[in-house]
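Have the sequence and the 3D view open as you read.

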Amino acid sequence: MRRTTGKHAVARPRTHARALVPVGAVALAVSLSGSVAAGSATAHSEGAQTQAMALIADRGVAVGAAAQQIAITPDFATAAVESAIATREQGAMRAQRATQERVALAKRKAAAKAAAAAKAKRIAAAHRWVSPVKHPNLTSSFGYRWGRLHAGLDFGAVVGTSLHAMSSGTVTKAGWGGGYGMKVEITYWDGTVSYFAHMSQINVAEGQKVAPGEFVGKTGNTGRSTGPHLHLEIHPKGGDPVDPKPWLAKHGLKF
Ligand SMILES: [Zn+2]
């Protein structure tokens with residue numbers, strides 16, 4: 001009569017309790033947990049064990065008392081307890097795993113979002129456009145003069161005024177350019193090529209990478225020039241020069 005009091009049976013370590021569960025009851029418990037079809041040789045019904053599980057696991061009724069209440073054997077009730085505990089543990093583990101996976105996924109998503117934002121910021125910074133001179137003073141526009149195309153804009157500036165790369169790009173020419181005098185050509189990230197002509201000083205070399213606003217040299221009066229100024233040409237995709245005015249306006253630059 002050592003298992004007539006349910007309190008005693010419930011308080012027992014689970015491994016011990018399991019050892020006392022008869023084979024038939026274990027089979028039933030397994031069938032109740034849903035993995036094996038019902039049909040055990042024992043007389044106890046599935047409903048009785050479900051009832052036992054509810055009494056023992058949910059309401060804390062002792063195994064023996066529960067068994068008596070539903071008129072099943074204590075062994076059968078013990079199997080119900082085992083089954084209920086196992087089911088709950090599995091459920092708790094699944095819930096914990098799901099939570100961990102949700103947290104990990106949220107972390108991965110946040111990291112990816114931050115990386116994308118940082119990349120977008122880097123690209124925006126690298127692709128911004130800046131004026132070649134700080135205070136542009138337009139003195140001559142694009143167009144034909146006495147049958148000859150003036151292929152850029154002239155900005156009056158004292159000799160030695162700093163000139164800046166207009167965006168990220170590569171210096172594709174740096175040196176003497178005939179009528180252009182000392183000239184720097186920069187090919188930007190979008191394929192646009194700028195000419196800075198009549199310079200007094202060149203501070204970059206061919207092949208050098210430049211960032212938006214990077215110092216490349218100084219204005220001057222070299223080549224075919226009638227006074228100190230920057231002659232600026234814009235060659236989209238390296239092709240024929242276009243009027244820089246609408247191009248500058250489109251890129252948010254003053255002239
Ligand atoms: Zn000019």
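A crossing is called left-handed if the near helix is turned anticlockwise from the far one by less than a right angle, and right-handed if clockwise. Helices (H or I, at least four residues) and strands (E, at least two) are DSSP runs, numbered from the N terminus.

## What you're looking at

This is a predicted model, where local features need pLDDT of at least 70 and side-chain atom pairs count only at pLDDT 80 or more, while totals for chains, interfaces and linings use all residues. Residues are numbered from 1 along each chain as its sequence is written, and side-chain values use heavy atoms, with hydrogens and water left out.

The protein has seven helices and 11 strands. Of its 255 residues, 35% are buried (under 20% relative accessible area, with a 1.4 Å probe and protein chains only).

## H4 against H5

The crossing of H4 and H5 is right-handed. On the H4 side you'll find Ala-48, Gln-51, Ala-52, Leu-55 and Ile-56, in contact (heavy atoms within 4.5 Å) with Val-63, Ala-66, Gln-69 and Ile-70 of H5. That contact has seven nonpolar residues, two polar and no charged ones. Here Ala, Val, Leu, Ile, Met, Phe, Trp, Tyr, Cys and Pro count as nonpolar, Asp, Glu, Lys and Arg as charged, and the others, Gly among them, as polar.

## H4 against H6

H4 also passes H6 in a right-handed crossing. Residues making this contact include Met-53 and Asp-58 of H4 and Phe-76 and Arg-88 of H6. By class, the contact of H4 with H6 splits into 11 nonpolar, two polar and two charged residues.

Notes. Buried means under 20% relative accessible area, exposed over 50%, partly exposed in between (1.4 Å probe, protein chains only).
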